[in-house]
Amino acid sequence: MEAKESRPQGFPELKNDTFLRAAWGEETDYTPVWCMRQAGRYLPEFRETRAAQDFFSTCRSPEACCELTLQPLRRFPLDAAIIFSDILVVPQALGMEVTMVPGKGPSFPEPLREERDLERLQDPATVASELGYVFQAITLTRQRLAGRVPLIGFAGAPWTLMTYMVEGGGSSTMSQAKRWLYQRPQASHQLLRILTDALVPYLVGQVAAGAQIIFAKDGHFALEELAQAGYEVVGLDWTVAPEKARERVGKTVTLQGNLDPCALYASEEEIGKLVQQMLNDFGPQRYIANLGHGLYPDMDPEHVGAFVDAVHKHSRLLRQN
């Protein structure tokens, strides 16, 4: 999302700014909605486009990223697009090999195992230039969107990236990364600093090309700190009660979320009821509707459409009462 004070110039005029106005705390006619992982494998057209090349080759193709970003907007009246990319392009830019293994997910053939492995990493100052293809994809997509909706960029947080780089892939326990914290605190700080120094210019570059939202999964313990950190929007996962979150962050921050993604396995009628309850709990303003995490590959696109339509329908009714 583009910040007010640093809007990139030369892009088509924005026609639907409901998402941005909600983020800034301005009144909106309805609740804006988008979905994390809305450009994903649940769409048959996504699978067809992706079949031609491997995952990270797709990430490095601005044309392919643009196409995948636009696909869900052709199906659903979403209020924002999110650029197709991956958080692990940052470790790649730091010099680590990452492959996407079918049925398993991302894999690092040579993860960080010892403190001396940090010497293998590239200078974080070079990361932004290494990731120029992401900026190109954002710029191209902003042009192709023709002002239809705003475009969101993203990056993984330093701790998230550290866990992948140390574990060698996804992990439910993150035991190897936590081992680093306890056994190698100095090296852990060094790695987190390298990642921070890489991420800051990367995110600034995304804003300069078109983005600003924070989503911290399992971050319910730090809602107050997140709300005071200067972000305009704080995303909630589905484990947080909306009314409790509002009490904790106050009314000066926009909240985003947080329907359990698995609710989309319910009937379309039930989805409508769940959305209505969620909207009532969050309140009509300073709110962006979303799931509490990303869409899953086996979800029915029709149910995604039912979710989006229900948000628009029920939020308009809520504002009339």
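At what angle do helix H4 and helix H7 pack, and how far apart are their axes? The views below are of a predicted model, in which local features need pLDDT of at least 70, side-chain atom pairs count only at pLDDT 80 or more, and totals for chains, interfaces and linings use all residues. Residues are numbered from 1 along each chain as its sequence is written, and side-chain values use heavy atoms, with hydrogens and water left out.

**View 1. Packing of helices H4 and H7.** Helix H4 (residues 62–75) packs against helix H7 (residues 132–145) at about 45 degrees, and their axes are 8 Å apart. Helices are DSSP runs of H or I with at least four residues, and strands are E runs of at least two, numbered from the N terminus. Axes are lines fitted to C-alpha atoms, for helices over the stretch in contact, and angles run from 0 to 180 degrees between N-to-C directions. H4 is therefore oblique to H7 (under 35 degrees is roughly parallel, over 145 roughly antiparallel, 65 to 115 roughly perpendicular, the rest oblique).

**View 2. Residues in the contact of H4 with H7.** H4 contributes Pro62, Glu63, Cys65, Cys66, Thr69, Leu70 and Leu73, while H7 contributes Tyr133, Gln136, Ala137, Leu140, Thr141, Arg144 and Leu145. Contact means heavy atoms within 4.5 Å.

**View 3. Val233 in strand E6.** Strand E6 spans residues 233–235 and includes Val233. Val233 counts as buried because its relative accessibility is 0% (buried is under 20% relative accessible area, exposed over 50%, partly exposed in between, with a 1.4 Å probe and protein chains only). The C-alpha atoms of Val233 and Gln256 are separated by 6.8 Å, with the two residues 23 apart along the chain.
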